[in-house]
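Here is a set of questions and answers on one protein chain. Each answer works toward a name or a value.

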Amino acid sequence: SGFLCDGFNVGGKFNPPAASSFAFDNPAISSCTAAVSGEGWITIYGSGFWTVTIDITVIIEGDFCTGVTFLTPRETIRCYAPSGTGGSRSIQVVVAGRQSTVIHTFTYLPATITTVTSPPTSGGLITVYGNSLGNDASVLVIYVGGQLCTSPSIVTPHTAISCYVLRGTGRDVSVSITVDSIGSNPAPTVFSYLPPSITYASPVPASGGIVYIDGANFGNINIKITIYIRGILCANPQVEIPDVRVSCTLPSTSSDITGTYDVQISIDSIAIVSNSSFSYLPPPSTTTLAGSVTASGPASVGIATTASSSGATTAVGPTDTSTSSASETASTTSSVDPAASTSAACPTTSSALTAASASSTA
């Protein structure tokens, strides 16, 4: 009698083994890791994977998972998953023709968002960058600030997509993406609308008034607008033309108003300062008989004019010395000699008196 080894007697006598002596258990999958949508390594855990990689085939949704290698003989393998999206995908391991049961536990990773471009407050096209964004626009659903971002398209497979966002304002607006029913975690700090910009601010007099400000990205909601001019709050901001023109009321001032001043505008917490973009109107000019006199400072406000009997207009004002001087000059210039005036005014009477005197003497 001898020891039986693989069907051979040690003594040399052949004894055919039973058919089940060389049978292996079919491979079985217990779990597997997820992959990014644009291909990536996954790990498969199970049993019956044998020890020769050339005999192992892994199939995911009908496509081969390539580059099979062992991590733990018979129990753990890894391979490079094909491109895809979604969850509950089929996966199967075949070892030397023996097939594992097909299971539907393979899932691609949810989308991650890294950056998003900023649109104007009027809305427009944005581009979202990240990973696992897929390669099929028909399975994309994108929300920005709770509003559906329309007409999604693929910019770069798996890493960049685009869509059209509605009008809005503000920063740190949430963005979420669903790719083939697998939702991303909201990304609350990667998206903002463009900041406002100022191209023109209309001047007002020192007594104050409405300032009109032209530019871009002002939005269309009054309560989200805050404006400062010279560091002074400009009250009652109003949208005149959505996104491009706003107005506010600047109070009066008695300080020096020469020079140019900064304008600061904040739209829904996004602020911009436009340096030296505002100036006051120059003081008004008053015309007198002696010429044009420019009133300077608040003391010149309220200058009145009176008409003389000769028809000349003379500026008068209790605190305006330049106007008083001009009035005096005009008065001096218009004075005439009474005798000369009488002679000039009555030449015919003088001639008659002379003739009468001569007649009396005769």
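Q: Which residues does Val 211 touch, not counting residues up to four places away in sequence?
A: This is a predicted model. Val 211 sits in strand E21. Leaving out residues up to four places away, its contacts are Ala 201, Ser 202, Val 204, Ile 229, Val 246, Ser 247, Cys 248, Leu 250 and Phe 278.

Q: Is Val 211 buried or exposed, and at what relative accessible area?
A: Buried means under 20% relative accessible area. Val 211 is therefore buried, as its value is 0%.

Q: What distance separates the C-alpha atoms of Val 211 and Thr 249?
A: Along the chain, Val 211 and Thr 249 are 38 residues apart.

Q: Is Thr 33 buried, partly exposed or exposed?
A: Thr 33 lies in the loop between strand E3 (28–32) and strand E4 (40–47). Its relative accessibility is 31%, so Thr 33 counts as partly exposed.

Q: Which residue's backbone nitrogen does the side chain of Thr 33 reach?
A: Beyond four places in sequence, Thr 33 touches Ile 42, Thr 43, Tyr 45 and Phe 106. The side chain of Thr 33 reaches a backbone nitrogen at 2.8 Å, and that nitrogen belongs to Thr 43.

Q: How far apart in space are Thr 33 and Tyr 108, C-alpha to C-alpha?
A: In sequence, Thr 33 and Tyr 108 are 75 residues apart. In space, C-alpha to C-alpha, the distance is 8.9 Å.

Q: What is the area of the nonpolar surface patch made by Trp 50, Val 52 and Ile 54?
A: Val 52 is placed in the loop between E4 and strand E5 (56–60). Val 52 counts as partly exposed because its relative accessibility is 33%. A residue in a patch needs over 30%. Together with Trp 50 and Ile 54, Val 52 makes a patch of about 290 Å².

Notes. Residues are numbered from 1 along each chain as its sequence is written. This is a predicted model: local features need pLDDT of at least 70, side-chain atom pairs count only at pLDDT 80 or more; totals for chains, interfaces and linings use all residues. Side-chain values use heavy atoms; hydrogens and water are left out. Helices (H or I, at least four residues) and strands (E, at least two) are DSSP runs, numbered from the N terminus. Buried means under 20% relative accessible area, exposed over 50%, partly exposed in between (1.4 Å probe, protein chains only). Contact means heavy atoms within 4.5 Å. A polar contact is a pair of N or O atoms within 3.5 Å; within protein, one must be able to donate a hydrogen and the other to accept it, and residues adjacent in sequence count only if both atoms are side-chain atoms. Patches are made of residues with over 30% relative accessible area and no salt bridge: like charges are joined within 9 Å, nonpolar side chains (Val, Leu, Ile, Met, Phe, Trp, Tyr) within 5 Å. Accessible areas come from the Shrake-Rupley method with a 1.4 Å probe; for residues, only the protein chains shown count as cover. A salt bridge is a side-chain nitrogen of Lys or Arg within 4 Å of a carboxyl oxygen of Asp or Glu.
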